[in-house]
Amino acid sequence: MNDLYDTDVVAWSEQQAKLLSRMAAGERVNSVELDWPNIAEEIESLGKSYRRELRSHIGTVLEHLIKLQASPALDPRNGWKETIGRSRDDIDLILAESPSLRHAVPTMIADETTRSRRRVARSLGIYNEQPRVDIDGLTFTEDQVVGDWLP
C-alpha cells in the first residue's frame, strides 16, 4: 500500500478515493486496503495548500498595490492592475470554496505586507527607481486588499 503512495501518489489517491466512496455507500471494504496514515496526512496537506495559495495571492495583491503607490514607472501600471484583479478573483474563489479561511486573512495581510515591502524595495532597486512614498509607511486594510480598491 505505502509503495504505491511513494511511487505514484495520483494512482494511490484514486485507489483510496474509490475505497472510501465504496465504504461511504455502505459497502464493506477491507480496511487493511485503506492507508489511513497517508490519507490523514494528505487531508492535512490539502488544508495547508489552500492556506499557502491564499497567502500567495494576498502577497501578490499587496506587492502590486505597493508598486502602484511607490514606483515612478508608468508603463507597467496597467499590468499591475490586471494582476491585482486576477489575484483578487483567485482569493474570492478560495474563500468561496473554503470560507473558514476568511478569519486568517487579516493575519496573512499583516505578514505579507512586510514581505511585499521587501520585494518592492528590491524591485525598485533593480530598476534604479526611487520610491515616490515611504514604502515602510504603507498599510492596507482587508477591504483594500480583497475588495476592488485601487490607489
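Helix α4 (residues 77-97) gives the most to a negative surface patch, with 4 residues. The patch is formed by E53, D89, D90, D92 and E97. This is a predicted model: local features need pLDDT of at least 70, side-chain atom pairs count only at pLDDT 80 or more, and totals for chains, interfaces and linings use all residues. Residues are numbered from 1 along each chain as its sequence is written, and side-chain values use heavy atoms, with hydrogens and water left out.

**Negative patch**
- E97 is found in helix α4.
- E97 counts as partly exposed because its relative accessibility is 48%. Partly exposed lies between buried (under 20% relative accessible area) and exposed (over 50%), with a 1.4 Å probe and protein chains only.
- Patch residues have over 30% relative accessible area and no salt bridge; like charges are joined within 9 Å, and nonpolar side chains (Val, Leu, Ile, Met, Phe, Trp, Tyr) within 5 Å.
- A salt bridge is a side-chain nitrogen of Lys or Arg within 4 Å of a carboxyl oxygen of Asp or Glu.

**Nonpolar patch**
- L20, M23 and W36 form a nonpolar patch on the surface. Together they have about 270 Å² of accessible area.
- M23 sits in helix α2 (residues 9-24). M23 counts as partly exposed because its relative accessibility is 37%.

**A buried serine**
- S116 lies in helix α5 (residues 105-126). Helices are DSSP runs (H or I, at least four residues), numbered from the N terminus.
- S116 counts as buried, because its relative accessibility is 0%.
- S116 touches G59, L62, E63 and I66, not counting residues up to four places away in sequence. Contact means heavy atoms within 4.5 Å.

Methods
Areas by Shrake-Rupley, 256 points an atom, 1.4 Å probe, with all protein chains shown as cover. Lys, Arg positive; Asp, Glu negative; His and termini not counted. Charge placed at Lys NZ, Arg CZ, Asp CG, Glu CD. Helix = DSSP H or I, 4+ residues; strand = E, 2+ residues; numbered from the N terminus.
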